[in-house]
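These are my notebook entries on one protein structure.

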Number of protein chains: 2
Amino acid sequence: MQTFSIFEPISDQLNQVDDRLKEFAESSDLPSLKELLTHAFDSTGKLARPALTLLTAGFHPNNGAKVVTMATAVEMLHVATLIHDDTVDEADTRRGRVTVSSNWGRHTAVLLGDYVFAASATYVCATGNIRVIKRFSETIMDLSRGQMQETANSRNIQHGMDEYFERIYFKTASLFSTSGESGAILSGASESTVQSLKTYSEKIGLAFQVVDDVLDITGTQQAIGKPVGSDLFNGVITLPTIYAIEDPDCREKVELFLTNPSNTELHSEIVDAIKGSDVGEKSYKFADQLIEEAKLALKPLEDNDCKKSLLDLADFIISRNT
Amino acid sequence: MQTFSIFEPISDQLNQVDDRLKEFAESSDLPSLKELLTHAFDSTGKLARPALTLLTAGFHPNNGAKVVTMATAVEMLHVATLIHDDTVDEADTRRGRVTVSSNWGRHTAVLLGDYVFAASATYVCATGNIRVIKRFSETIMDLSRGQMQETANSRNIQHGMDEYFERIYFKTASLFSTSGESGAILSGASESTVQSLKTYSEKIGLAFQVVDDVLDITGTQQAIGKPVGSDLFNGVITLPTIYAIEDPDCREKVELFLTNPSNTELHSEIVDAIKGSDVGEKSYKFADQLIEEAKLALKPLEDNDCKKSLLDLADFIISRNT
């Protein structure tokens, strides 16, 4: 596997994670399960979350074995949530590949997701660290809670900044936070180092989701791999919409669209209005603030290759366009 | 709550479990989640699995707190699997009550199931016992694997006794086994006592599922709370069908039905043929053998109230008709 350049200091370990994931997928003795797992783990992307676990373990000497196991679990959990999210969203493809639910049916997708969730928990158990195991379980609760909030509050224009922030913590930043916190804990770092790395990880997780939500409306279909404005189309109110409806004209249109979701012309009109406004800029400013806070949290830590990568990762999150 | 008479020696603790479940359901600060959880935990039945955890802890002095926590987790896991099973099976009701998936939609049911799965794992973490935590995660894998096997092998008449046994272990006996094993472990019992209670629990779990599968075809719709012959109707090959198709005539009819699942007349004909044959008797004999093995496993253990309850529970499993 070709490691993303920022992850160079941990490329060997990240390759071990990749190998462990492939081993897991191929080790099943049930042929149909093996096929499903191989499909699910075939598109692991940049492995950003496990990389975070490996990098945050770089501030205290450790033999690396537990950290690699934890990093593997983190990616497995991420894959499990993608399987269930695609089932809930009835998505046909993800990043150009067919989803488990569309190809094998949503029933199989529900059960496969459960299986991968549980398998990830057994990997965390192998670390033998109760604190990390507990955080991991709480994170699974957060992830499902975030998705449930998104469903429960969809098409509700009354939900503003506070609700948005809580929701993106649950659905995205909690797993980032746990990925970073657990790497630090398992390396044996001091509590203050653990807290610094936890704060950093949570902040970049929040920024990651904000950027995702901005790209959903300012990106191109080719770059983001889904139709532009999908969130609004699905009734999900994100930061760009929250900023956009500060303008009364836009608010009226959004309100109308949320009660008439089949009015695609109105949807296009709103998307164009947002693209032409300063909403994108304001949203990026918001994400930028989070990134600065993330970097600030790293200040007390010693300068080393892992710290340099974490700083670069923070910058990358804000600059990415896919 | 009115305790089932067999569970008398542990009625106080079982009431604590019931309270803990209600507390969990009511503690959510998200109103929609609270409503869902209250519904999901409102029909907990006899609490057989947590009772097993409490009874198997009765062979070594212990303060009971960890065991009650574990017993609560076991029921939460059971409820989580019911939520996902009803989603996968598209069931409208369970035991006369509307299911989460039919009332709130399958999307919400998938996420609620995930949430309860994860919450159960956090309860297990609170026991602080890694061995128990690991077994618990493996059990969640077994449960989803059992359901996946059922889906993958449905309408496949080639799958006989071995496959059936493996599947009912995964979908039912694994959780029984873990319920009993964890009670014994957390009580601090010796390894030989743990193994005896684990074997007992696994065997009654297998017998429980066999009886369930027999009642599906020999019971009445009123008693079992679903149409008679549902398993065959859904293409699931269980012990009664495996015995029934030893008769070439019946095999031919079953083969025909499995490829023509809309032929309800043929379905009724097969169900009547099985009811009129010795298949029910043979299946009960099979379950009876498992119950005898379960009781035998308890032989080395001291005689006490909990042991008496476990022996009575074994007998109850074979004699129940709902």
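**Entry 1: A loop residue**

I found that Ser262(A) is exposed, since its relative accessible area is 67%; with a 1.4 Å probe and protein chains only, buried means under 20%, exposed over 50%, and partly exposed in between. This is a predicted model, in which local features need pLDDT of at least 70 and side-chain atom pairs pLDDT 80 or more, while totals for chains, interfaces and linings use all residues. Residues are numbered from 1 along each chain as written, chains are lettered from A and ligands numbered from 1 in the order written, and side-chain values use heavy atoms, without hydrogens or water.

I located Ser262(A) in the loop between helix H13 (248-259) and helix H14 (264-275) of chain A; helices are DSSP runs (H or I, at least four residues) numbered from the N terminus. The C-alpha atom of Ser262(A) is 8.8 Å from that of Phe233(A), 29 residues away along the chain.

**Entry 2: Cavities**

I searched the whole structure and noted six cavities of 30 Å³ or more. A cavity is a set of points on a 1 Å grid over the protein atoms alone where a 1.4 Å probe fits but cannot get out, and lining residues have an atom within 4 Å of a point. Grid points are joined across faces, edges and corners, and the volume is the space filled by probe spheres set on them.

The largest cavity has a volume of about 150 Å³. Its lining has 14 residues, of which Phe117(A), Ala118(A), Ile140(A), Phe117(B) and Ile140(B) are the closest to the centre. Helices H6 (106-125) and H7 (130-152) of chain A and of chain B each give two or more residues to this lining.

The second largest cavity holds about 70 Å³. Among the residues lining it are Cys125(A), Phe136(A), Cys125(B) and Phe136(B).

**Entry 3: Aromatic rings**

How many aromatic pairs does the structure hold over all chains? I recorded 18; rings of Phe, Tyr and Trp (its six-membered ring) pair if their centres lie within 6.5 Å, and planes under 30 degrees apart are stacked, over 60 edge-to-face and the rest tilted.

Phe24(A) and Tyr115(A) are stacked, at 6.3 Å centre to centre and 20 degrees between the planes. Phe24(A) belongs to helix H1 (residues 11-26) and Tyr115(A) to helix H6 of chain A, 91 residues apart. Both Phe24(A) and Tyr115(A) are buried.

Phe233(B) and Phe257(B) have ring centres 6.3 Å apart and planes at 40 degrees, so this pair is tilted. Phe233(B) is partly exposed at 34% relative accessibility, whereas Phe257(B) is buried at 0%.

Definitions and conventions: 1 Å grid on protein atoms, 1.4 Å probe; cavity = no way out; pocket = protein on both sides within 12 Å on 5 of 7 lines; lining within 4 Å.
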